[in-house]
Amino acid sequence: MAEEEKQYDFLTIEKKWQKFWESEKTFQAEDNSEKTKFYALDMFPYPSGAGLHIGHPEGYVASDILARYKRACGFNVLHPMGWDAFGLPAEQYAIKTGTHPSVTTKTNVDNFRRQIKSIGFAIDWQREINTTDPNYYQWTQWIFLKLFQRGLAYVAEKPVWWCPNLLAVLANEEVVDGKSEVGNHPVERRNLRQVVLRITAYAEKLLDGLDDLDWPDSTKRQQKAWIGRSEGAEVEFSIDNSTEKLTVYTTRPDTLFGATYMVVAPEHPLLTKLVVPEKADEVKTYVESAAKKSDLDRTDLAKDKSGVFTGSYCINPINGEKIPVWVADYVLISYGTGAIMAVPAHDERDHEFAEKFNIPIRRVITHPEGDEEKEKLPYSGLGSMVNSGAYDGLDTNSCKIQIIAELESKGTGKSAINYKLRDWIFSRQRYWGEPIPLVWVNRSDFEKAKSTSGIIQGLLPENEVTSEKDGETLYALPLPPSELPLQLPEVENYQPAGTGESPLATITDWLNIWFDLESGKSVSRTEPKPDGENWVSATRETNTMPQWAGSCWYHLRYLDPTNLKNLVDPKKEAYWGSPDFYIGGAEHAVLHLLYARFWHRFLYDEGILQNPEPYKKLFHQGLILGEDGNKMSKSVGNVVSPDVVIDAYGADSLRLFEMFLGPLEAVKPWSEKGIEGVHRFLRKIHRECLNNKKHFVAKETNQETLRLLHETILKVSDAIRDLRFNVAISQMMILANHLQKAQNFSLDTIKSLLQLLAPFAPHLAEEMWEKLGGTPSIVNHPWPQAREELLVSEKITIVYQVNGKLRGQAQFSKNVDKGTVISAAKADPKVQSFIEGKEIVKEIYVPGKLVNLAVKG
RNA sequence: GCCCGAGUGGCGGAAUGGUAGACGCUGCGGACUUAAAAUCCGUUGCCAGUAAUGGCGUGAGGGUUCAAGUCCCUCCUCGGGCACCA
């Protein structure tokens, strides 16, 4: 019987406490609380069919430890979970099997929820959200309409990745090495009608906002590079024998005297006017071949530059020099003005091009240290100006300023700022996404909408949004909030239209509607036109939103997940604010985190939120690799499922080991043997807790035990705050090993250890806490406080070094003076053998730590 | 090519400029057991030595310092990001 009781029956224990937490609502966050809030957020998962693998919980365990720790410290903690459930896999499964994506999604969510619950997180499940729930996505649509109203959404033909196999347009991030990320199919470029969000309008704000964020430096750097701000000038070149002007953007106006040719991108609007008749055929062939190349080909061939002379010349505004204009695909139409002045002496790309086509290379900057003649070109650094007329002798930076001033005074240039950031293509030609709540009408109905008083009138952007369809210009009208959510219609076939339109384009009774310009109501055109003069014929937008949309604002919905009137109640938003801790993979460093910042800042500018930034503190957990050191993947067959691990060792062992594996941010391999180690540790805790012969009720009497306990409290608390969970666990192991060896120990001691352990291994901690007479839940008991005065012992060990090498040590009372220690060190026989016959040049004493004798000879 | 980050035993990893290798895994030896499992005890960086002990050791080389895994410079390897953005 005794034997049986000592078994660590983790499966029973874990189930028991998960039930307890659920029925007692232990982790329910309070909306009206006097307490300080703590909001821990995980990047919510896409519920795939494959279920959770061992990497998913890593971040969740980390945030859970913080959540439980903060709770024990008296905070009102919010730790929610939800599902980013729109996305391609469910849609592709639907195409294959005809199963509605919502069915697949529900199955997958149920499985993910079961798995996550089995790990025992302190999650407030009453706040669970799902981006595919119409009650959720109506607010995603609502935010879109706000963006539309403010002129931040428009429609344009955009070259996008088209995958003939998936029959879908792919986002850049879904294309890896010229293949689709899903399925690895070839992709090509195609111009398609897209809804676009004007994120570039927020470039400056998104850049500036980074400074105040407590984020990993590398992530901030990535966002900075992605936004890619540069300062320079726009310079206007007149075209010889033409009234047209060619404007270029350059970051190096100082090198203007070194411009020996110009380049326009193949797509440049002035190109046709620049080409002289003799060159027409050659240029036409070149432009056509460039158009056939994808961006990938164009960058792949970066090493081999190509281009054609147009036959035209520009006039350099600074010196009147005539310089030839070329067309070359190393200049991108999408950046700057799509044209450059080429300075081969001081730009690597221009240099390569000039060498290939024998264009003159003129140095205008000397290297500050260089022997001018021997110096290698291109040189892109700073120096002093030469061959630059009146600017000779100036340093690069002042030359920049003065040349811009001269151009400005002549009206042929001005300083300018450019960004690499492009507008965000926000539409997907797919079924399984949020429908975009716009309808399209003809010009006269649009004019009528503008002059019809009613709800629509007030929701129109300042500049109309138009789109060409079958030669006709259509005008976008928004649905009013009262018509949201615009739900996905049922379809029979999930296959995209194949024309580059989504499956929604094939559902004519959903697509074609009567639309009331006054109320924004709509009915299918399969019905008779309703009475009233403001009903017009319209078609719905058939694009759906990208998966990023739902995740742009989910951190807000957790604060108020069931609110039907507002995206979030302002009072709740004021209390909870933004997450105090946000954890997720570094793969989202740019896209998700930039898009979410954009939306959040926009909502802040709209006065809906109190704070401009969504995620003040961000952390990326490192990847967990397979036991073989490779990335876990089905094809390699090294995937470890949490279900299997929990079955064999329990959720507590899983949690503990994921944290013990190494630093949270590090990439580290899984190890089956390793989890046995932490499992043994838990068994040891279990055994020591139940070994009541060793327990006594009075305060801890063993000074060493007491000291070690408080050292452990201190170290574990610090380590949790610093997210150094592996170190925290090591320290608890040290204490557990000590208790195991001790004759006996106080109940206080072991109960304190259980409290420290509770955030890591909550089930076992609860069970043992209860067995030792504590009232559950353990998280409701205040976190132990370290008595630091106990950590200063009466006796200190001082180390003797000779020339920095350890040669002995001795114990002293803690108030010992320098002289005593140094003489003791010199008297030490071992130390003596190393200083004998040598001259002591220096005596170092680090109080309480060591003596170092520097000797010579 | 450019910008980051990281290199510590057989392995995962610890170390406010101050005793390198905590803690865990593995291996080895032992206790308990009829035996095994579980548990416990000891040991485990390398070289020399029976041992005491000594020498060497944090990717390589140099430097700063009484003292360097830690700071500085150069280089190598690995990982991540960007990559014709003028």
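How many residues in the lining of the second largest pocket are nonpolar, how many polar and how many charged? The legend to view 1 gives the division.

The model is predicted; local features need pLDDT of at least 70 and side-chain atom pairs count only at pLDDT 80 or more, while totals for chains, interfaces and linings use all residues. Residues are numbered from 1 along each chain as its sequence is written, chains are lettered from A and ligands numbered from 1 in the order in which they are written, and side-chain values use heavy atoms, with hydrogens and water left out.

**View 1. Lining of the second largest pocket.** The pocket (an open set of points on a 1 Å grid over the protein atoms alone, where a 1.4 Å probe fits, with protein on both sides within 12 Å along at least five of seven lines) holds about 580 Å³ of space. Its volume is the space filled by probe spheres set on the points, which are joined across faces, edges and corners. The lining (residues with an atom within 4 Å of a point) has 24 residues, and Gln18, Lys19, Glu22, Lys117 and Ser118 lie nearest the centre. By class, 8 are nonpolar, 6 polar and 10 charged; Asp, Glu, Lys and Arg count as charged, Ala, Val, Leu, Ile, Met, Phe, Trp, Tyr, Cys and Pro as nonpolar, and the others, Gly among them, as polar. Helices α2 (10-24), α5 (101-117) and α20 (642-649) each supply at least two lining residues, and α2 gives the most, with 7. Helices (H or I, at least four residues) and strands (E, at least two) are DSSP runs, numbered from the N terminus.

**View 2. Crossing of α8 (217-227) and α19 (591-605).** The two axes (lines fitted to C-alpha atoms over the stretch in contact) come within 10 Å and cross at roughly 70 degrees. The helices are therefore roughly perpendicular, a term for angles of 65 to 115 degrees, on a scale from 0 to 180 between N-to-C directions. Thr219, Gln223, Trp226 and Ile227 of α8 are in contact with Leu591, Leu593, Leu594 and Arg597 of α19 (heavy atoms within 4.5 Å).

**View 3. Open sheet of 4 strands.** The order is β6-β5-β9-β19, with antiparallel pairing (at least two DSSP bridges between two strands). β6 (168-170) and β19 (424-425) are the edge strands, each with a single partner, so one side of each has no neighbour in the sheet. Between β5 (153-163) and β6 there are 3 bridges, and Trp161 has Leu170 as its bridge partner.

**View 4. Hairpin of β21 and β22.** Antiparallel strands β21 (466-469) and β22 (472-478) are joined by 4 bridges, with Thr466 opposite Tyr475. The turn has 2 residues between the strands, and Asp470 there has a positive phi of about 50 degrees.

Methods:
Angles under 35 degrees count as roughly parallel, over 145 as roughly antiparallel, 65 to 115 as roughly perpendicular and the rest as oblique.
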